[in-house]
Amino acid sequence: MKERLRELKKNPWILWIWNERRRIKGNKEYKKISDEQFVKRFYYNAFGETLDLSNPITFNQKLNYLKLNYKNPIATKCADKYEVRDYLKSRGYEYLLNDLIDVYEDVSEIDISKLPNKFVLKGTHGSGWNLIVKDKNKINWMPWKLIMKSWLKQNFYYYGREYVYKDMKPRIICEKYLEDSNNELLDYKI
């Protein structure tokens, strides 16, 4: 799936169509079934076996049990790429944060001319919604603005029933582009 997304990102028009198709499908189909039905169906499609939520044994079974039963508001705050900043500051970890350039609730607020040449745009309320900009003059902004509008209309909760995404406020943040000594994007895996 990740390889497919990499290919899609090479053509932002196709990525926009894919995002819109996914959003519309999510709005029509995914909301019609209960969280438990969705998780069981998703699990069966991934592993080819029935999910037993009354006696979860494997790691994936336990993750799916927690997905349905663990509802901690702190987890939601920590999963939100913007809200987590306040949480880390309150715990004394502000020094770990990347520089925030701006936060947007609407794509029309993004003024590309005021941004540095290199930056990263991220949907705060989902996963994988990122645009890494190494040269803002080489980006076709029309389809990317449509893609970001699509991100803002989506509730990532409906794609996996992960509670942390359910009540997140949709926003886009712009952060400093982090690079190493070879001018490559720094990628931290935790």
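Visitor: What does R171 form with D80, and how far apart are the closest N and O atoms?
Guide: R171 and D80 form a salt bridge, and their closest N and O atoms sit 3.5 Å apart. Keep in mind that this is a predicted model.

Visitor: Okay, and where in the chain are those two?
Guide: They come from distant parts of the chain, 91 residues apart. R171 is in the loop between α7 (141-153) and β4 (172-176), while D80 is in the loop between α5 (73-79) and α6 (83-90).

Visitor: Are R171 and D80 buried or exposed?
Guide: Both of them are buried.

Visitor: Why is R171 called buried?
Guide: Because its relative accessible area is 7%, and buried means under 20%.

Visitor: And why does E83 count as partly exposed?
Guide: E83 has a relative accessible area of 24%, so it falls between the 20% limit for buried and the 50% limit for exposed.

Visitor: How many salt bridges turn up in the whole structure?
Guide: A search of the whole structure gives nine. One of them joins K114 and D111, whose closest N and O atoms are 4.0 Å apart.

Visitor: Are K114 and D111 buried, partly exposed or exposed?
Guide: K114 is exposed, at 70% relative accessible area, whereas D111 is partly exposed, at 31%.

Visitor: New topic: the sheet. What's the strand order?
Guide: It's an open sheet of four strands, in the order β1-β4-β2-β3, and the pairing is antiparallel.

Visitor: How many bridges do β2 and β3 pair over?
Guide: Four, in the antiparallel sense, with β2 covering residues 119-123. For instance, F119 has V133 in β3 as its bridge partner.

Visitor: Which strands does α7 touch?
Guide: α7 packs on the sheet and touches β2, β3 and β4. The direction of α7 makes about 150° with that of β3.

Conventions: Residues are numbered from 1 along each chain as its sequence is written. This is a predicted model: local features need pLDDT of at least 70, side-chain atom pairs count only at pLDDT 80 or more; totals for chains, interfaces and linings use all residues. Side-chain values use heavy atoms; hydrogens and water are left out. A salt bridge is a side-chain nitrogen of Lys or Arg within 4 Å of a carboxyl oxygen of Asp or Glu. Buried means under 20% relative accessible area, exposed over 50%, partly exposed in between (1.4 Å probe, protein chains only). Two strands pair if DSSP finds at least two bridges between them. Contact means heavy atoms within 4.5 Å. Axes are lines fitted to C-alpha atoms, for helices over the stretch in contact, and angles run from 0 to 180 degrees between N-to-C directions.
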